[in-house]
Protein chains: 2
Amino acid sequence: MSLVNPQTLKGFMELLPKDQILFNKVKEVIRSNYEKFGFLPIDTPVLEYKEVLLSKAGGETEKQIYEFTKGDTNIAMRFDLTVPLAKYCAKNQNELNFPFKRYQIAKVYRGERPQRGRFREFYQADIDIIGNESLSILNDAELPSVIYNIFKELEIGKFTIKINNRKILNGFYEELGLNNKVQEILRIIDKLDKIGIELVTNELRKMELDGLEISKILEFINLKGTNEEIIAKLENMNIKNEMFNLGVSELKEVVNNVYNFGVPKEYIQVDLTIARGLDYYTGTVYETMLDDYNIGSICSGGRYDNLASNFTTKKLPGVGISIGLTRLFDQLTNLGIIKSEKTTTTKILLVPMIEDKRNILKLANIFRSNNINTEVYMENKKLKAVLKYANNQEVPFVGIIGEEEENEKVILIKNMITGNQEKVNITDVQKIIDLIK
Amino acid sequence: MSLVNPQTLKGFMELLPKDQILFNKVKEVIRSNYEKFGFLPIDTPVLEYKEVLLSKAGGETEKQIYEFTKGDTNIAMRFDLTVPLAKYCAKNQNELNFPFKRYQIAKVYRGERPQRGRFREFYQADIDIIGNESLSILNDAELPSVIYNIFKELEIGKFTIKINNRKILNGFYEELGLNNKVQEILRIIDKLDKIGIELVTNELRKMELDGLEISKILEFINLKGTNEEIIAKLENMNIKNEMFNLGVSELKEVVNNVYNFGVPKEYIQVDLTIARGLDYYTGTVYETMLDDYNIGSICSGGRYDNLASNFTTKKLPGVGISIGLTRLFDQLTNLGIIKSEKTTTTKILLVPMIEDKRNILKLANIFRSNNINTEVYMENKKLKAVLKYANNQEVPFVGIIGEEEENEKVILIKNMITGNQEKVNITDVQKIIDLIK
């Protein structure tokens, strides 16, 4: 029989156990912090009715979607966790307790052209807070504090959570009489980081903006200073547009409260160039950058007026953020910012080199009931081969009972890092546990 | 704009948060026990090349598979975690440390006709131990002890792990000269529990077996007694067939050692009717039954000679078991064997009914750094609405600071279960923590 090539699809992350352990650790830091802030878990299906997933999508998303027909049902794989959340909230609106704080950490699918750092299957780690008819702006201030706690615990170095408000952008361009061109202007300005101010100016000129308009736009996006200074300058621009002024007051309230939530000032920065997509967000928007690495936003999100308008007439305003976990993990490990430390989650490898394995199996069960991950080596191999396995596995402790130890009623505990070894009476379980803890 | 019906695909489990919390708890018990026994995590993609997934499959599986073409690639969704494991081991054979003990708890997909208790997307929770060229029979004795620990911790009542060995079955029918009919006979006997002995006899007659053959088969599958008695009877059947005798000695060694691994005798039962599928397993096979409920096997598996023969010439024998988590959860909750107890994982809901929220936000952060899941109520609602939310959420404690408490510099801690409430000085953090822990 001819062999099939055991290959994994391109653009799909598949890790060796050592890296998987690190990945799971990162995922667990995110998960436990989400729960610490009172978010509840949900787990929606990977597959949905195509008409559910595409009720709002279009353009790029629709091209990238994995879809197929089974029987007479048009099925699609989810491309984010937000549309499934909208469906979930609409479907369960009478069962849910609002404000509904949910988290979901799960894989999503996009058939993009695979390239370095882009994945077709990737984890998103999302939190959203959904209100019934209304939702306090304070929630917009809480989300950065969740993110702050996660990235601090992950020890990924200094980062900055950038904040803006879409109402300020929309109001500003309305005031300039450029209502119809807002989306295109925002798309150009979004490229500022990548292409620089000159090319941005060129592109704005191509849109038939006049010199005064362009200079006002450049002045606006170049507003610099502390958060308080930028907000003061916005307040003093003497713009009458209502939406603009509402945006400024929202931004001010969010920024002031973020500090109260315990985020140090140097981690929060008002940035008027942040727009986050074109039609989804309606208020606060966030991006998060590593200060020392230019890898783009590692966590983004914002406020939306109405989550599920395609599914229900009930108004469900919300605010959410998403960590692109798979891509972030790939970047952090490639840059050496985080490193795999453990090849195994096992604490001790017990090796019975004797016929009667009962004592060592009993010991293994005692260790496990003390929450010590314990592996018993079952193969009938020479000690050299066993120690090679233990070394490759990087297990921190090995416990051996050979004939000599059996006669002496002891177990030889070997610290695989220091090389120290010590014989301990087989009945002195507490001493062994103290040694390896 | 017309609304899209926010429905979930049929046959796809989607839980409310309260049930999701219980589901996650069950999943975590399984996961932590897998790690306690030294199994390492892997996370293979949901999608694979179709030729990889179907390298061995056929028949029913092929009909049920979700597959599609993207660009010029034939893609399929995994229908189990074993074929992806085979691919993974073949692909990474030079990086892995054998014996390779891995666990994977993840969703798989089968486009079966949806019916009660059948799911098209469901979690499997698998462990396998893969050897390089050889693998000790002791591993076959360890797996039941992992399962025993999990189901004990889940408190699902008395259960029985049934054990058999395929070599005994194959050898027995070889001895009867029925080599060509083994698979069909096993398929009929597999239905014994469902259709009873008479219908099984009828079906055997239809296969043109003679009366002597049928009576020998019935005598064989009716061998009863303690595990030791059944094994003794098998040894005394005076069958010369080598495979049969190898099977009996393997079964004897597995059963004797399972006890040594700490599984009480009443949880293990040799059952010669267990066959587990038709061509995959080559030695030990397991099924697990609840004693008081007739819901079929809740955990099954066995020994196979060569995991990845479609992908590599390297011989990789293994033994594994799988818990069909989604179906099991559905059955256990429907029968009331396990019940959702918590609507939230949050320990305390803090409610600032005052303008200056800084003290309560500080307190929230202190709680969280003490690993106390803490939600702050952000909405500007009357206390009655807040307490209604707290009640619906079933949060165990509420901490309120209104104007009165602010003036007294205290927080009112209310135990939502007993109704007790107590004012505690806002600076006496340890006292508050002691109250709610």
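The model is predicted: local features need pLDDT of at least 70, side-chain atom pairs count only at pLDDT 80 or more, and totals for chains, interfaces and linings use all residues. Residues are numbered from 1 along each chain as its sequence is written, chains are lettered from A and ligands numbered from 1 in the order in which they are written, and side-chain values use heavy atoms, with hydrogens and water left out.

**How the two chains are related**

- Two copies of a chain are related by a rotation about an axis and a shift along it.

**Where the chains meet**

- Chain B brings 98 residues to the contact and chain A brings 98 residues (contact means heavy atoms within 4.5 Å).
- About 8,500 Å² is buried between chain B and chain A, and carbon and sulfur atoms give 57% of that area (buried area is the accessible area, with a 1.4 Å probe, that two parts lose on being put together, summed over both).
- On the chain B side, Leu9(B), Lys36(B) and Met378(B) lose the most area to chain A, together 8% of what that side buries.
- Between the chains there are 47 residue pairs in polar contact, both residues at pLDDT 80 or more (a pair of N or O atoms within 3.5 Å; within protein, one must be able to donate a hydrogen and the other to accept it, and residues adjacent in sequence count only if both atoms are side-chain atoms).
- Helix α1 (residues 17-36) of chain B gives the most to the side that touches chain A, with six residues (helices are DSSP runs of H or I with at least four residues, strands are runs of E with at least two, and both are numbered from the N terminus).

**Salt bridges**

- Side chains of opposite charge can pair when their charged atoms come close.
- Over all chains the count is 50 salt bridges (a side-chain nitrogen of Lys or Arg within 4 Å of a carboxyl oxygen of Asp or Glu).
- Eight salt bridges cross the interface of chain B and chain A.
- Lys91(A) and Glu14(B) are joined by a salt bridge at 2.7 Å, N to O.
- Glu142(B) and Arg368(A) form a salt bridge with their closest N and O atoms 3.8 Å apart.
- That pair runs from helix α5 (residues 138-154) of chain B to helix α13 (residues 358-369) of chain A.

**The sheet in chain A**

- Eight strands of chain A make an open, mixed sheet in the order β1-β5-β6-β11-β10-β9-β7-β8 (two strands pair if DSSP finds at least two bridges between them).
- Strands β1 (40-41) and β8 (268-270) of chain A stand at the edges with a single partner strand each, so one side of each has no neighbour in the sheet.
- β1(A) pairs with β5 (residues 100-109) of chain A in the parallel sense over two bridges, and Pro41(A) has Tyr103(A) as its bridge partner in β5(A).

**Backbone details**

- The peptide bond between Phe98(A) and Pro99(A) is cis, with omega about -5 degrees, and Pro99(A) sits in the loop between α4 (82-91) and β5 of chain A.
- Glu155(B), a residue other than glycine, has a positive phi near 55 degrees.
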